[in-house]
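Please look through the sequence and the model before reading on.

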Amino acid sequence: MPSRFSLNAVLTVVCLIVLSPFAVGIRLIPGRITSVGGGGGNKLGPFMEAPEYRNGKECASSSVNKENFVSSSNDPSLVVHIAMTLDSEYLRGSIAAVHSVLRHASCPENVFFHFIAAEFDSASPRVLSQLVRSTFPSLNFKVYIFREDTVINLISSSIRQALENPLNYARNYLGDILDQSVDRVIYLDSDVIVVDDITKLWKTVLTGSRVIGAPEYCHANFTQYFTSGFWSDPALPGLISGRTPCYFNTGVMVMDMVRWREGNYREKLEQWMQLQKKRRIYDLGSLPPFLLVFAGDVEAIDHRWNQHGLGGDNIRGSCRSLHPGPVSLLHWSGKGKPWVRLDEKRPCPLDHLWEPYDLYKHKIERAKDQSLLGFASLSELTDDSSFL
């Protein structure tokens, strides 16, 4: 790692940014420690109760109906729907991600979370739901149970075992899992931190008949995501001809669930997965089917909404630096996860940008200083050449 990208530089920027009054109308209260018992006497947590985030006066009045998740006002767009997976392995990341969304949302009470939990996780969906409630007492959310046998027979081996987790494929089934009243959703991976107002992403317009929107990376070599057997096949490459496919990361997507259901996109993804079981046409997990179905027909969202790859590559998990440009969302996709590296005392410099949102027990003493519970924006990073 170049010396100019030092830990001291990162911490200096964090200290400067924390003073920015970005999140208006938010009230913080002292946290308390919460934990929930799991099966066999095990405990998940304890986590510190998050500060209470409330709407400011500038927020339009909107209360969420807990049954159908729609706004009681005349403008249903006031409610921001976010879908995330929830499991014992990545729980710490999910809690931090939720914390970051609320911390920077202009109207946090208008955000509704849809959590998808695996049926046979070591922590039951009920236990996970209790933990979320104890950590975020006023959060609007619902936990859905994902039946792993829905997809288990469609999953093929990947270059990293973690990519074979059935819950990675839950995004394929959002049209079936979520209540029919949810017609639009932001999907977020559990290893992200949002450092901007999520409402800005929610307002993305999906033009024409596009079903999803995501940051695209057209400079990436699209061919590398598929095997030589795919490209040498006389028919398969022709199935994506007529499009100009670009790589996009499925960890951050704006999704039109009405068009998704009408277009039977779950079945289209499953068809590619079934082919993969018969003939190995890619090496990664849940990403390639999305590329085959959607690449070339994605609403391009500003790159600031997915500064991905911060977990390093899928084998070594090496340290990465930020991409050039402004930052609204940091994404530790790849092998390395910030909470693991921090606990092992071998963090990458950018892992310290994740740390202020961590509500896990060993952060309690540090979190007594409420100013360290989050910072308002990373926009200053783009003005400092040492981060480019």
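## Basis of the description

The model is a predicted one, in which local features need pLDDT of at least 70 and side-chain atom pairs count only at pLDDT 80 or more, while totals for chains, interfaces and linings use all residues. Residues are numbered from 1 along each chain as its sequence is written, and side-chain values use heavy atoms, with hydrogens and water left out.

## The chain as a whole

The secondary structure of the protein chain comprises 12 helices and 13 strands. Helices (H or I, at least four residues) and strands (E, at least two) are DSSP runs, numbered from the N terminus.

Of the chain's 388 residues, 57% count as buried. Buried means under 20% relative accessible area, exposed over 50%, and partly exposed in between (1.4 Å probe, protein chains only). Among contacts between residues at least 6 apart in sequence, 74% join residues at least 24 apart; a contact means heavy atoms within 4.5 Å.

## The seven-stranded sheet

An open sheet of mixed pairing is formed by seven strands, in the order β5-β4-β3-β6-β11-β8-β12. Two strands pair if DSSP finds at least two bridges between them. The edges are taken by β5 (140-146) and β12 (299-300); each has a single partner strand, so one side of each is left without a neighbour in the sheet.

Seven bridges join β5 to β4 (residues 111-118), and the two strands run parallel. Within this pairing, His114 stands opposite Lys142, and Ala118 has Phe146 as its bridge partner. Helix α2 (residues 91-104) lies across β3 (80-86), β4 and β6 (184-188), and runs at about 165° to β3. Such axes are lines fitted to C-alpha atoms, for helices over the stretch in contact, and angles run from 0 to 180 degrees between N-to-C directions.

Five bridges join β11 to β6, with the strands antiparallel; here Arg184 stands opposite Asp256. Strand β8 (residues 212-214) also runs antiparallel to β11, joined by two bridges, and Ile212 has Met255 as its bridge partner.

## The largest pocket

The largest pocket has a volume of about 1200 Å³. Of the 45 residues that line it, Tyr247, Asn249, Asn314, Ser333 and Gly334 are the closest to its centre. On a 1 Å grid over the protein atoms alone, a pocket is an open set of points where a 1.4 Å probe fits, with protein on both sides within 12 Å along at least five of seven lines; lining residues have an atom within 4 Å of a point. Grid points are joined across faces, edges and corners, and a volume is the space filled by probe spheres set on the points.

The lining divides into 16 nonpolar, 20 polar and nine charged residues. Ala, Val, Leu, Ile, Met, Phe, Trp, Tyr, Cys and Pro count as nonpolar, Asp, Glu, Lys and Arg as charged, and the others, Gly among them, as polar.

## Individual residues

Gly175 is located in helix α4 (residues 174-177) and counts as buried, at 5% relative accessibility. Leaving aside residues up to four places away in sequence, Gly175 touches Gln180, Met257, Trp260 and Arg261. Its C-alpha atom is separated by 9.0 Å from that of Asn264, 89 residues away along the chain. Asn264 belongs to the loop between α7 (257-262) and α8 (265-278) and is partly exposed, with a relative accessible area of 40%. Although not a glycine, Asn264 has a positive phi of about 55°.

Most residues other than glycine have a negative phi. Lys345 also has a positive phi, near 60°. Lys345 is found in the loop between α10 (338-343) and α11 (351-354) and counts as exposed, at 75% relative accessibility. Gln274, in helix α8, is partly exposed, with a relative accessible area of 39%. Gln274 and Leu154 are 120 residues apart in sequence, while their C-alpha atoms are 6.1 Å apart in space.
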